[in-house]
Amino acid sequence: MAAALQTINVSKTFTHVKALDAVSIEVEKQSIFGLLGPNGAGKTTLIRIINMITAMDEGQVLLNGHPVTQDDIRHIGYLPEERGLYKKMKVGEQAVYLARLKGLSKQEALKHLKVWFEKFEITSWWNKKVEELSKGMQQKVQFIVTVLHNPKLLIFDEPFSGFDPINVNILKEEILKLRDEGATIIFSTHNMASVEELCDHIALINNSKLILSGEIHDIKQRFKSNIFEVVYRSPKDLLLDKPAFEVIERQNKNGERLAKIRINETANANELLKNVLPQAEVVSFREILPSVNDIFIQEVEKSSNNK
Amino acid sequence: MNKIGLIIQREYLTRVKKKSFIIMSILGPVLIAAMIILPALLSEWSQGEKKRVAVLDETGLFMGKFKNQDNLEFYPVYNDLNSEKETALYQRGDLLLYIPLTQLSLPTKAQLFSTKQPGLNVTVYIKSVMKNVIENEKLKAEGIDPEVIKSAKAQIDLATIRVDESGKEKKSFTEVEVGLAIFAGILIYFFIFMFGAQVLKGVMEEKQNRIVEVIISSVKPFQLMMGKIVGIALVGLTQFMLWILLTGFFLILFQTSAGSDFKESFSTLTEQNQMMSPGTADTTTIDSQKLAMVSEIINSIDLKAMVFSFIFYFLGGYLLYASLFAAIGGAVDHDADTQQFMLPVSIPLIFSVMMSSAIVNQPDSGMAFWLSMIPFTSPVTMMMRIPFGVPYWEIGLSAALLILGFIGTTWLAGKIYRTGILMYGQKVNYAVMWKWLRQRG
């Protein structure tokens, strides 16, 4: 099965700055793909190239296995990072206009908008002018307009910026729901917590280069450093065999003790447990996987230093 | 509905529903109607009161020379100045004209006493009568019969008659044509700028608040640009039609409500104008003759052709300039940056207005011909020439060139707009635009 979206060696140079250097990503159907990277890495440029807003210098963008065309673009739901609406137009009128530009009939637009406005509890805004709304409120309207025509591919550039935590959660739920209903979703973000919760795949771009990509679970496995956390009850600290096990952090609270232990290549988790069990009552035992945040910082710093 | 139609609809409706549009649509015709009505109305007000003038003529030369006018009545008095001041001026509240006796020369000085400021029509009339009388007296003193002079005076009525190709003759009226030519030219200039500026503003608004990225993912940049240009053109046409209809409506409304009063004051106004022009012509003009002339003037101008050519040249000129304005709006990031591009684009238009007096003086000169052929100046210049009559082949050629012109600028503008509208933070100059122009795809 062809990927929903594929970029092959996409490159772009602005006047003197290399914005993208042979970036290849692959987005599976009905998955959520997170595009990460520090500011100015080239995320938005990539998104704009996919949307054919910016022309690429080299490379290819394939949609379901075929080179992307202007007609395909009309079926993509795209929420740009810098978003605007006509300030003097009324919210409802504007939503209907944008929906009709996407090809919905007036009746369809009204029907779908009613559902979404109720879902987001903003029905009372219908006759307000956009300039009367706060920035976050405007973004809700824009999100609705983006997903209204049920596009198969959704691209959100920084969808959570400007939202309060409650609305971020509402948005996350809707994004997950959209995926479950069959949509493929790409979003760029700095919000790492949302990446962990939502993404099936991620790609990390730094300085115009793709430095990491893959399934989020695989990546975490790849970056794990064999650290386990043991919470136990015992009057005294654990004594472990060296050099197989190395305690890197100890805590003691509420009568429970916690130790973070790195296991060296020669040993494994079972041996660690064998070591622990005679000494203490184990409350919990788990492997600590690196957070996306940790991986992000580690990799970005590494690639920047290599330069 | 197709997408460009949707864009046109939005551009049109949001503008037509604006308060400023509604105000302009009503205010414009009110002002135009006022320009037509007010002079007549003012003269009526100024003459509303009947004034009586007591004439104390010590010379006796002017007996019976002052004729009663519509709002002016003359009567002779014979007492001395002080007692007449008492009776005529203070008691009756009339004006007092005092012509003192002179010993040697003819009287050329007089005094007009008044408790209030006398109207201009009063002083002008008195002066013109006195001048006539004194001139006649001087002629007599030299032994020349004023009647001889009068018969020797000739009033030249030069009728300019235009002969068209088929040999049909038509009386033309240059003054009316000049007025109409300048008015039409300026109106075209005004409309092109006003609605061209709206295109510029609209494009910049879309670029600045970045809604353009959302819309470009639904429609082609060219569709968005054309939708905006056509939508605003329709707004302009609507405004023009409203102006014509409402001006006519206001004029009719005024005429029916003011009724015969208006016509009367209108005719006295024209009579007065003749009186003010130093007294050569006979002041007794017959109203009906005048009316016939007015209707002849109106008939001599092909109003229908004027309106149609106005609409054509407005649309052509507007499309030409609006697409350039759209390109500018798409290329720049900030309002301040528009200036450097606006000026070179608007220079031809401003130039054609600056040349208006030269064109009106010689509507068939080589310069007028070429200016009315070049698409950038032809809308204003051709509108100025049309009231004087322009051969059909010239109009046809100019129209064809204008159509080619706006197709050309729209094509150019489309290329600049397409790239510029999505480009932020780049310092735009002509070299950059040239690069965008040559970009393919």
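What is the order of the strands in the open sheet of six strands in chain A?

## The open sheet of chain A

In this predicted model, the six strands of the open sheet run in the order β6-β7-β8-β3-β9-β10 (chain A), and their pairing is mixed. The edges are formed by β6 (76-79) and β10 (209-215) of chain A, each of which pairs on one side only. From one strand to the next, the twist averages 15°.

## Strand β3 of chain A

Strand β3(A) is largely enclosed by the rest of the structure, because five of its five residues are buried. The side chains of I32(A), G34(A) and L36(A) are assigned to one direction and those of F33(A) and L35(A) to the other; residues of both groups are buried.

β3(A) has two parallel partners. With strand β8 (residues 184-188) of chain A it pairs over four bridges in the parallel sense, and L35(A) stands opposite S188(A) there. With β9(A), β3(A) also forms four bridges in the parallel sense, and the bridge partner of L35(A) in that strand is A203(A).

## Nonpolar cores

The largest nonpolar core contains 159 residues, and the members that touch the most others are L46(A), F143(A), F156(A), I185(A), I229(B) and Y318(B). Helix α11 (residues 303-331) of chain B supplies the largest share of this core, 16 residues. A second, separate core has 16 residues, including V53(B), I99(B), V122(B) and I134(B).

Beyond residues up to four places away in sequence, F143(A) touches L79(A), W116(A), F120(A), F156(A), L171(A), E174(A), I175(A) and L178(A).

## The cavity

How many cavities of 30 Å³ or more does a search of the whole structure find? The search finds one, and the volume of the largest cavity is about 90 Å³.

Its lining includes Y78(A), G84(A), L85(A), L98(A), K102(A), Q142(A), V145(A) and T146(A) from chain A, together with I211(B), V214(B), I215(B) and S218(B) from chain B. The elements that give two or more residues to this lining are α5 (135-147) of chain A and α7 (211-216) of chain B.

## Chain B

The secondary structure of chain B consists of 17 helices and six strands. Of its 441 residues, 44% are buried. Among contacts in chain B with a separation of 6 or more, 71% are between residues 24 or more positions apart.

Two residues illustrate this chain. V230(B) lies in helix α8 (residues 221-258) of chain B and, with a relative accessible area of 28%, is partly exposed. V230(B) and G5(B) are 225 residues apart in sequence, yet their C-alpha atoms are 9.6 Å apart in space. T419(B) belongs to helix α16 (residues 392-420) of chain B and counts as buried because its relative accessibility is 12%. Apart from neighbours within four places in sequence, T419(B) is in contact with W436(B) and Q439(B).

Definitions and conventions. Residues are numbered from 1 along each chain as its sequence is written. Chains are lettered from A and ligands numbered from 1 in the order in which they are written. This is a predicted model: local features need pLDDT of at least 70, side-chain atom pairs count only at pLDDT 80 or more; totals for chains, interfaces and linings use all residues. Side-chain values use heavy atoms; hydrogens and water are left out. A nonpolar core is a set of buried Ala, Val, Leu, Ile, Met, Phe, Trp, Tyr and Cys residues joined through side-chain atoms within 4.5 Å. Buried means under 20% relative accessible area, exposed over 50%, partly exposed in between (1.4 Å probe, protein chains only). Contact means heavy atoms within 4.5 Å. Two strands pair if DSSP finds at least two bridges between them. Axes are lines fitted to C-alpha atoms, for helices over the stretch in contact, and angles run from 0 to 180 degrees between N-to-C directions. On a 1 Å grid over the protein atoms alone, a cavity is a set of points where a 1.4 Å probe fits but cannot get out, and a pocket is an open set with protein on both sides within 12 Å along at least five of seven lines; lining residues have an atom within 4 Å of a point. Grid points are joined across faces, edges and corners, and a volume is the space filled by probe spheres set on the points.
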